[in-house]
Amino acid sequence: MVAGNWKMNGSLSMASALSTGLLDAALPQSVETVVCPPFPYLTIVAEALRDAAIGIGAQDVYFESDGAFTGEVSTTMLTDCGCSHVIIGHSERRALFAESDEAVGRKADAALTAGLTPIICVGETLEQRERGETLAVIDAMLAAVTAAICNVADAVIAYEPVWAIGTGVTASPEQAQEVHAHIRGFIRNLDAGQADRTRILYGGSVKPGNAAELFGQPDIDGGLIGGAALKAEDFAAICRAAVTD
Ligand code: PGA
């Protein structure tokens with residue numbers, strides 16, 4: 001599975017052009033692909049990709065169903081706009097918008113209840129890695145979210161080391177694999193049957209040139225792509241790197 005996180009980038013015309021580019025790029029059928037445009041462009045991208053096997057995801061959602069929550073968007077609104085997926089707990093939301101582990105859990109639960117697939121992000125900062133806290137940080141984030149949802153295999157987990165996001169510094173395949181194997185082990189301890197069914201994506205400076213090696217690791221099931229998802233050809237090349245024979 002490969003998901004593209006467009007973040008707060010683009011314009012109406014860019015969203016249309018990128019959608020057309022994705023249609024022309026003929027993404028591989030055997031890889032589940034998802035694009036996550038900003039809220040205002042969800043409908044137009046969903047419309048443009050209606051006949052393509054490309055999922056549409058939002059970059060966040062609120063856990064309440066409706067009411068006086070100015071600026072927020074509900075799961076029903078997302079499904080109305082053609083969404084199948086939603087990114088939850090991205091490190092930018094955790095760091096810049098004070099999103100708590102508890103909120104991440106409630107959002108993931110609300111998404112699953114609405115039939116959306118949450119792509120739940122976890123990852124450590126550079127300071128935490130240097131202090132040797134990586135696995136403990138991941139465990140705490142996973143514990144909070146798995147306490148809030150029933151079937152973790154219905155969600156997607158994205159391991160995104162904060163120090164690798166948008167920096168050009170990718171985790172080495174070995175560094176990523178170590179954390180991915182740990183995440184799968186965490187899920188196995190909760191429910192052995194779900195561990196192998198749960199998709200665990202790697203995110204953080206994935207590019208066409210490094211994707212195949214990352215995706216070749218046993219516990220890396222695909223990627224969550226930021227910058228490289230803004231170019232249809234790069235995104236398509238990364239999707240092709242996820243094809244397994
Ligand atoms: P990047 O972003 O690929 O630009 O590093 C990844 C992400 O934040 O999901």
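**A look around the ligand**

The ligand sits in the second largest pocket. A pocket here is an open set of points on a 1 Å grid over the protein atoms alone, with protein on both sides within 12 Å along at least five of seven lines, and a molecule sits in one if more than half of its atoms lie within 2 Å of its grid points. Keep in mind that this is a predicted model, where local features need pLDDT of at least 70, side-chain atom pairs count only at pLDDT 80 or more, and totals for chains, interfaces and linings use all residues. Residues are numbered from 1 along each chain as its sequence is written, and side-chain values use heavy atoms, with hydrogens and water left out.

So who is around the ligand? There are 13 surrounding residues, and the closest are Lys7, His90, Glu160, Gly166 and Ser205; to be near, a residue needs a heavy atom within 4 Å. By type, the shell splits into four nonpolar, seven polar (Gly is counted here) and two charged residues.

Now for the atoms themselves. Lys7 brings a polar side-chain atom to 2.7 Å from a ligand oxygen. With Gly166 and Ser205 it is a polar backbone atom that lies by a ligand oxygen, at 2.6 Å for Gly166 and 2.7 Å for Ser205. The protein covers 94% of the 280 Å² of accessible area (Shrake-Rupley method, 1.4 Å probe) that the ligand has on its own.

Next, take a look at Gln194, found in helix H9 (residues 192-195). Gln194 is buried, at 4% relative accessible area, where buried means under 20%. Its side chain reaches the backbone nitrogen of Val152 at 2.9 Å.

Terms used: A polar contact is a pair of N or O atoms within 3.5 Å; within protein, one must be able to donate a hydrogen and the other to accept it, and residues adjacent in sequence count only if both atoms are side-chain atoms. On a 1 Å grid over the protein atoms alone, a cavity is a set of points where a 1.4 Å probe fits but cannot get out, and a pocket is an open set with protein on both sides within 12 Å along at least five of seven lines; lining residues have an atom within 4 Å of a point. Helices (H or I, at least four residues) and strands (E, at least two) are DSSP runs, numbered from the N terminus. Buried means under 20% relative accessible area, exposed over 50%, partly exposed in between (1.4 Å probe, protein chains only).
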